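I opened a new page for this structure.

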Amino acid sequence: MPFPLSRPRRLRRSAVLRRMVRETRLSPDNLIAPLFVREGRDQALPIDAMPGVAQLSVDRALKQARELHAAGVPAVILFGIPDTKDASGSQAWNPAAAVQRAVAEIKEHVPDLAVITDVCLCEYTDHGHCGVVCDGVVDNDASLELLARAALSHAQAGADLVAPSDMMDGRVGAIRRALDQAGFDQVAIMAYSAKYASAFYGPFREAAQSAPQFGDRRSYQMDPANGDEALREVALDLEEGADIVMVKPALAYLDLIYRVKQKFACPLAAYNVSGEYSMLCAAGRNGWLDQGLATMEVLTAIRRAGADLIITYFAYEVARELRRV
Ligand code: PBG
């Protein structure tokens, strides 16, 4: 029906009509909040490049977890910042380290909040790479056992899900086997399946003190030019036992969120990463755009593309905003 019979504006005339025909909904249930956990007590060290985000001691992380839960956010993902680093990243599987203690504390005091742990070595190794380095290269197979050890220590602390972000080949299978052998067959895996070598992780590396000390991550993270390869990575992770797959970052990769959801129809997360967060904060602070509106638009677009879950540093304020309206 051409104009004038057809007038799409009829359904945009009022807020109630727009609400009735809205195709995509953003709910607090879609959100996962990242927390950076460090050693010490009663500490919240602000991260320069990420306004409003801080490295938290375990007690303060628990406090934020309570607030997130009260705001309706269903899950947190924990990143650890150790006091000491070494070549193999051994603090990653220390049962008394900050992440493991934070998991136990949160599960004890806020049991309904799902606790996810990021599994990687880059925060824990002195060279800052995501696996062990042998002869100047990141050794894939030697890293698998260490990643599995870290994941197992998170499960032992009580994590509901573990989320390997290292991009070593075969790590989902290695972690699944280690968890199952130790009796943790109910602990789920959220795999960072299509994780790109992205400049948008810049602020995170300050937050987690995890910048590589030599070279970069392009020998294990994906080339931003590749799309089909993301589908192959997702297929492999699902075969190895991933329960949820992820595309990361989100905004420059909406096509892949769409393609992964269309092709695999499985639970899909997208990571609205640190650089995406900081860009909106910076523009908002300069008065160049309305940060609150832009945030809602961005997160809704990530949902529209096909993501069920969004890891975002805006989780708390967005959940509160969604409950207000
Ligand atoms: C660890 C890891 C990174 C992020 C999540 N897990 C950094 C990286 O790979 O360099 C980035 C998250 C963000 O930028 O918000 N490998």
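I count a residue as near a molecule if one of its heavy atoms lies within 4 Å of it. The model is a predicted one, and I keep that in mind throughout.

**Entry: around the ligand**

I looked up the shell first. There are 18 residues around the ligand. Lys195, Arg205, Lys248, Ser274 and Tyr313 come nearest. Then I sorted the shell by class. I found 10 nonpolar residues, three polar ones and five charged ones.

**Entry: polar atoms**

Next I checked N and O atoms against the ligand. In the side chain of Arg205, an N or O atom is 2.6 Å from an oxygen atom of the ligand. Ser165 has a polar side-chain atom 3.4 Å from a nitrogen atom of the ligand. For Lys248, I noted 3.5 Å between a side-chain N or O atom and a nitrogen atom of the ligand.

How much of the ligand does the protein bury? Taken alone, the ligand exposes 400 Å², and the protein buries 100% of that. I also looked up the cavities. The largest cavity is the space taken by the ligand.

**Entry: cysteines**

How many disulfides are there? I got a count of zero.

Cys130 has 0% relative accessibility, so Cys130 counts as buried. Cys281 has a relative accessible area of 4% and is buried. The cut-off I used for buried is under 20%.

Note on methods
Residues are numbered from 1 along each chain as its sequence is written. This is a predicted model: local features need pLDDT of at least 70, side-chain atom pairs count only at pLDDT 80 or more; totals for chains, interfaces and linings use all residues. Side-chain values use heavy atoms; hydrogens and water are left out. A polar contact is a pair of N or O atoms within 3.5 Å; within protein, one must be able to donate a hydrogen and the other to accept it, and residues adjacent in sequence count only if both atoms are side-chain atoms. Accessible areas come from the Shrake-Rupley method with a 1.4 Å probe; for residues, only the protein chains shown count as cover. On a 1 Å grid over the protein atoms alone, a cavity is a set of points where a 1.4 Å probe fits but cannot get out, and a pocket is an open set with protein on both sides within 12 Å along at least five of seven lines; lining residues have an atom within 4 Å of a point. A molecule sits in a cavity or pocket if more than half of its atoms lie within 2 Å of its grid points. Ala, Val, Leu, Ile, Met, Phe, Trp, Tyr, Cys and Pro count as nonpolar, Asp, Glu, Lys and Arg as charged, and the others, Gly among them, as polar. A disulfide is a pair of cysteine sulfur atoms within 2.5 Å. Buried means under 20% relative accessible area, exposed over 50%, partly exposed in between (1.4 Å probe, protein chains only).
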